Amino acid sequence: MTHFARIVGTGGYLPERILTNAELETMVDTSDAWIRERTGITQRHIAAEGEFTLDLAEQASRRAIDMAGIRIDEIDMIIVATTTPDQVFPSTACLLQSRLGVHGCPAFDIQAVCTGFVYALAVADQFMRTGAATTVLVVGAETFSRIIDWTDRNTCVLFGDGAGAAVLKQDTAPGILSTHLHADGDYANLLQVPQGVSNNLAAVQEGRAFVEMAGGEVFRMAVKTLGRIVDETLEANQLDKSDVDWLVPHQANSRIIAATARKLRMPVSKVVQTVAEHGNTSAASIPLALDVAVRDGRIKRGDTILMEGFGGGFTWGSALVNW
Ligand code: ACO
């Protein structure tokens, strides 16, 4: 018997502290006008000292679990997508498992940077289709502010912290219609934190491991690649552009989002956008945006939703979902 995965609850959490463009003007040589025009971002949330990825993940998860109306002990798999884990190990998923009081089920992290949530959703979907998991908590959580060089105007205006979560339950009808994952490691040097525990532990320990990005090249590749994945997803489901009710894209830059919407011939009113208020929260951005549109009533049962992401690696992917 085939099983399917259905999203039955979503949750989001943003740290209290808001960093505005006006404040950034006092930190680096930039302007509110430049940031708005080139990125669409007006503000981002920044985790407090002592507030970690796990804390954000826990808040978002509890909200998703509440909406799903499930018991904690029904969860039989936890997947956390993050680039900014609290510790080298255990995984953030294991730490979250303990926080939530879940015991025994598999729990693991996925690292695909901004495409992390789509990767995590795809993995959950595979486990659920085979019947190996019935109730999965999928989280995207980041404290990207910790790997940002706050003196580098090329990157520091773009990112923010946050977490989003989804509870998936097994169903006899989909749910997740299809997922599509890709990567090409040849592009690693265009978007990276070049240091890590194995090749430069000192840089990590001294807080010198920061995001480096060739912004223009990333921008062009993102637009081209996201256009292709829209076609791939629709073809796989024999659907037309007009069948998609909502686009819930990775929130990196409003101009990248607009280009993907144009490709879908979709009016901006059908695109869920949170980049202005959240900035780019990497793996958290898609589930945060999804949660906003579910809670404000835009996304309704029966709607067809296309989620897509692009990030470091490069990685890219999509998920088509029947809500
Ligand atoms: N304020 C003012 N000027 C700036 C700033 C800033 N914050 N940042 C860069 N500039 C300057 C640069 O120094 C450069 O100046 P120069 O021409 O004198 O050298 C100029 O602006 C660059 O201008 P453009 O190339 O026209 O900028 P562009 O329109 O490409 O916008 C941006 C730059 C916003 C970074 C864009 O390229 C972008 O969004 N790229 C994709 C970024 C992205 O999505 N990254 C995340 C991917 S997902 C992940 O995995 C993390």
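Accessible areas were computed by the Shrake-Rupley method with a 1.4 Å probe, and for residues only the protein chains shown count as cover. On this basis the chain exposes about 13,300 Å², of which carbon and sulfur atoms supply 50%. The model is predicted: local features require pLDDT of at least 70 and side-chain atom pairs pLDDT 80 or more, whereas totals for chains, interfaces and linings use all residues. Residues are numbered from 1 along each chain as its sequence is written, and side-chain values use heavy atoms, with hydrogens and water left out.

The secondary structure comprises eleven helices and 13 strands, taken as DSSP runs (helices, H or I, at least four residues; strands, E, at least two) and numbered from the N terminus. The C-alpha atoms fill a box of roughly 60 × 45 × 35 Å along the principal axes. Among contacts (heavy atoms within 4.5 Å) between residues at least 6 apart in sequence, 75% join residues at least 24 apart.

D243 is located in the loop between helix 8 (215–236) and strand 11 (246–249). This residue is partly exposed, with a relative accessible area of 34%. A polar atom of the D243 side chain lies 2.7 Å from the backbone nitrogen of D240. D243 and I75, separated by 168 residues in sequence, are 32 Å apart in space, C-alpha to C-alpha.

Technical notes: Buried means under 20% relative accessible area, exposed over 50%, partly exposed in between (1.4 Å probe, protein chains only). A polar contact is a pair of N or O atoms within 3.5 Å; within protein, one must be able to donate a hydrogen and the other to accept it, and residues adjacent in sequence count only if both atoms are side-chain atoms.
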